[in-house]
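Thanks for coming. I will take a few minutes to walk through one model, so please have a look at it first.

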Amino acid sequence: MAAPSRFIQVGNGVSIGLGTIDLSTVLQHFAMPQVHTVVVGGPQDTFVPNTVNAKVGDTIQFQFSSGNHTVTQSAPDLACQPLQATVPGALHSGHIPFQAGQTTVGTFTMTVRNTAPMFLYCATGPHCQLGQVMVVNPTSASQVVAYNRLAVGAPANIDGTVVAGGTVGSIPIENAAFDPPAPEEEAAPGGPPAAPPAAPPAESSAAAATSAAATADPAATTTAAAA
Ligand SMILES: [Cu+2]
């Protein structure tokens with residue numbers, strides 16, 4: 001029987017002498033950039049989640065799930081007004097629609113450059129005043145609540161003018177973080193698409209075929225002559 005080793009490895013632990021360092025603890029010091037997904041839209045005109053804690057180098061991918069929405073940055077105290085009006089380059093995705101039956105989902109992807117809070121709203125219609133707002137890297141749990149309160153009381157929802165601060169793209173719908181509405185739901189109320197005209201009675205059908213053949217022949221001749 002071999003003498004028991006003093007270098008024991010357990011699970012994914014790294015053995016050093018008699019002590020063991022958990023590999024996951026080591027990896028936390030070299031954390032890979034993360035992708036945070038935010039679903040934009042939905043039946044309630046929301047951002048889900050409405051807060052994201054991201055570190056420098058992480059990316060946030062906004063997925064536009066229904067209707068027509070934007071992700072637009074404002075100053076902390078000026079909800080529903082585009083920051084890019086005073087700070088060129090401030091984030092604005094432009095209006096990105098989604099309709100039932102689409103096979104792709106529009107995205108807007110931004111890279112986090114610093115951990116200062118970012119205040120974001122949707123600039124479509126009254127969505128900002130309806131509470132479609134969120135905060136990236138809030139400094140407190142109540143910050144998004146305070147920002148939402150400002151948004152609800154905003155006198156107007158002002159659109160951004162220039163797409164900035166990220167990249168517009170798309171992903172296959174099967175990769176989306178939400179369940180798309182079934183295309184059938186839209187068609188159901190009106191019934192199936194109009195059926196093609198019923199076939200005419202057999203005798204007139206034969207006549208039509210004869211007529212069609214007669215019409216086709218000159219064309220074929222013409223084609224042959226031309227060739
Ligand atoms: Cu919206």
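I start with a term. A residue is called buried if 20 or more other C-beta atoms lie within 10 Å of its own, exposed if 12 or fewer, and partly exposed in between, with C-beta atoms placed from the backbone. What you see is a predicted model, in which local features need pLDDT of at least 70, side-chain atom pairs count only at pLDDT 80 or more, and totals for chains, interfaces and linings use all residues. Residues are numbered from 1 along each chain as its sequence is written.

pLDDT is the predictor's confidence in each residue, from 0 to 100. Its mean over the protein chain is 79, and 67% of the residues reach 70 or more. Over residues 1–11 it stays under 50, and likewise over residues 13–18.

Now the overall content. The protein chain has four helices and 13 strands; helices (H or I, at least four residues) and strands (E, at least two) are DSSP runs, numbered from the N terminus. Of its 227 residues, 26% count as buried.

Take helix α2, residues 143–152. Which of its residues are buried? They are Val144, Tyr147, Asn148 and Ala151. Seen down the axis of α2, these fall within an arc of 105 degrees, so they line one face of the helix; the arc is that of the directions from the helix axis to the C-beta atoms. An α-helix has 3.6 residues a turn, so residues three or four places apart point the same way. On the other side of α2, Val145 and Arg149 are exposed.

What do the buried residues of α2 pack against? They pack against β5 (51–52), β11 (118–121) and β12 (133–136). Contact here means that two C-beta atoms, placed from the backbone, lie within 7 Å.

Next, β11. Both of its faces are covered: Met118 and Leu120 are buried on one side, Phe119 and Tyr121 on the other. β11 pairs with β8 (residues 72–74) in the antiparallel sense over three bridges, and with β12, also antiparallel, over four. Strands pair if DSSP finds at least two bridges between them. Gln73 has Leu120 as its bridge partner in β11, while Tyr121 has Val133 as its partner in β12.

Last, the largest nonpolar core has 32 residues, and Leu120, Tyr121, Cys128 and Val133 have the most contacts inside it. Such a core is a set of buried Ala, Val, Leu, Ile, Met, Phe, Trp, Tyr and Cys residues joined through C-beta atoms within 7 Å. Among the elements that each supply at least two of its residues are β11, β12 and α2.
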